[in-house]
Amino acid sequence: MKILAVSASPRKEGNSDVLCDWFLKGSSESGHETAKIRLAEKNISPCSACYGCRENHLCVKKDDMEEIQHQLITADVIVLATPVYFYCMDAQMKIMIDRCLPHYREMTQKRLYFIVTAADPGHSASDETLSGLRGFLKCLPGAQECGVIYGTGAWDKGDIYRHPALDKAYQAGKNV
Ligand SMILES: Cc1cc2nc3c(=O)[nH]c(=O)nc-3n(C[C@H](O)[C@H](O)[C@H](O)COP(=O)(O)O)c2cc1C
């Protein structure tokens with residue numbers, strides 16, 4: 001299978017970014033094809049709600065979203081990883097999701113995993129973030145939520161290396 005991780009943290013090798021790597025390491029060891037997109041390294045501007053895409057399913061914006069959308073459509077498994085910012089997903093993730101407007105109906109039968117990291121130690125710290133990600137999943141035809149990796153209680157870069165989520169991400173990726 002093709003496993004695609006979308007890492008929304010602005011911090012390279014930040015907590016959620018590391019969890020993506022461990023998920024993909026597991027998947028790769030199980031023989032799957034893996035790819036990772038770091039949104040912070042991409043040029044994606046927000047949806048302007050012009051609805052130009054109603055006509056021809058093409059976005060008027062010419063930026064990196066075109067290639068990302070192609071990867072999202074062709075992946076079998078999509079891992080969405082975001083830090084919790086003010087108890088929501090971060091802006092990078094939300095901008096990418098909104099830009100799926102022209103093509104989200106082509107993202108059929110996807111298996112989705114969510115990775116969330118937050119300083120707050122309780123799993124409930126990610127409730128609103130997961131609710132937002134599940135809202136996106138709800139719009140994708142035949143999509144299935146396959147797991148959540150909670151990196152809650154991780155604040156500084158590197159905290160995740162002492163966190164049980166690291167192994168959980170690896171195992172989830174291995175058994176995808
Ligand atoms: C702008 C901003 C807002 C944040 N808001 C929250 C929050 O609401 N709750 C929380 O527990 N942690 C919050 N944090 C902490 C991050 O979620 C935490 O450091 C997380 O591990 C970052 O993940 P990353 O390393 O993958 O970027 C915030 C951090 C930033 C920079």
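Okay, one definition before anything else: a residue is buried when its relative accessible area is under 20%, exposed when that is over 50%, and partly exposed in between, using a 1.4 Å probe and protein chains only. By that rule Gln 109 comes out exposed, because its relative accessible area is 57%. I'll come back to that residue.

Some housekeeping. This is a predicted model, where local features need pLDDT of at least 70 and side-chain atom pairs count only at pLDDT 80 or more, while totals for chains, interfaces and linings use all residues. Residue numbers start from 1 along each chain as its sequence is written, and side-chain values use heavy atoms, with hydrogens and water left out.

So, the overall picture. The protein chain has six helices and five strands, and I'm taking helices (H or I, at least four residues) and strands (E, at least two) as DSSP runs, numbered from the N terminus. Going along the sequence, you read β-α-β-α-α-β-α-β-α-β-α. The radius of gyration of the protein chain is 15 Å, close to the 16 Å from the globule rule for 176 residues, so the chain is as compact as a globular protein of that length. For the record, that radius is taken over C-alpha atoms, and the rule is 2.2 Å times the number of residues to the power 0.38.

Of the 176 residues, 45% are buried.

Now contacts, meaning heavy atoms within 4.5 Å. Take the contacts between residues at least 6 apart in sequence: 79% of them join residues at least 24 apart.

Let's zoom in on helix H1, residues 15–29. This helix has 15 residues and reaches 21 Å from first C-alpha to last, close to the 21 Å expected at 1.5 Å a residue; the expected span is 1.5 Å times one less than the number of residues. Which residues of H1 are buried? Asn 15, Ser 16, Asp 17, Val 18, Leu 19, Cys 20, Phe 23, Leu 24, Gly 26 and Ser 27. What covers them includes strands S1 (2–7), S2 (33–38), S3 (77–83), S4 (111–118) and S5 (144–152), plus helix H6 (165–174). Just after H1, Gly 31 takes a positive phi of about 95 degrees.

Ser 7 sits in strand S1 and counts as buried because its relative accessibility is 0%. Leaving aside neighbours within four places in sequence, Ser 7 is in contact with Asp 17, Cys 20, Lys 36, Ile 37, Arg 38, Leu 39 and Ala 81. Then there's Val 176, in the segment after H6. Is Val 176 buried or exposed? Buried, because its relative accessibility is 14%. With neighbours within four places again set aside, its contacts are Met 1, Ile 3, Phe 23, Ser 27, His 32, Val 77, Arg 111 and Tyr 113. Val 176 and Ser 16, by the way, are 160 residues apart in sequence and 18 Å apart in space, C-alpha to C-alpha.

Tyr 51 has a positive phi of about 60 degrees although it is not a glycine. Tyr 51 lies in the loop between S2 and helix H2 (53–56), and is partly exposed, with a relative accessible area of 41%. And here's Gln 109 again: its phi is near 55 degrees, a positive value in a residue other than glycine. Gln 109 is in the loop between helix H4 (91–98) and S4.

His 103 is also in the loop between H4 and S4. Not counting residues up to four places away in sequence, His 103 touches His 57, Gln 69 and Ile 73. The C-alpha atoms of His 103 and Glu 66 are 9.9 Å apart in space, at 37 residues apart in sequence.

Last stop is Tyr 87, in the loop between S3 and H4. At 40% relative accessibility, Tyr 87 counts as partly exposed. Beyond residues up to four places away in sequence, Tyr 87 touches Asp 120, Ala 125, Glu 128 and Thr 129.
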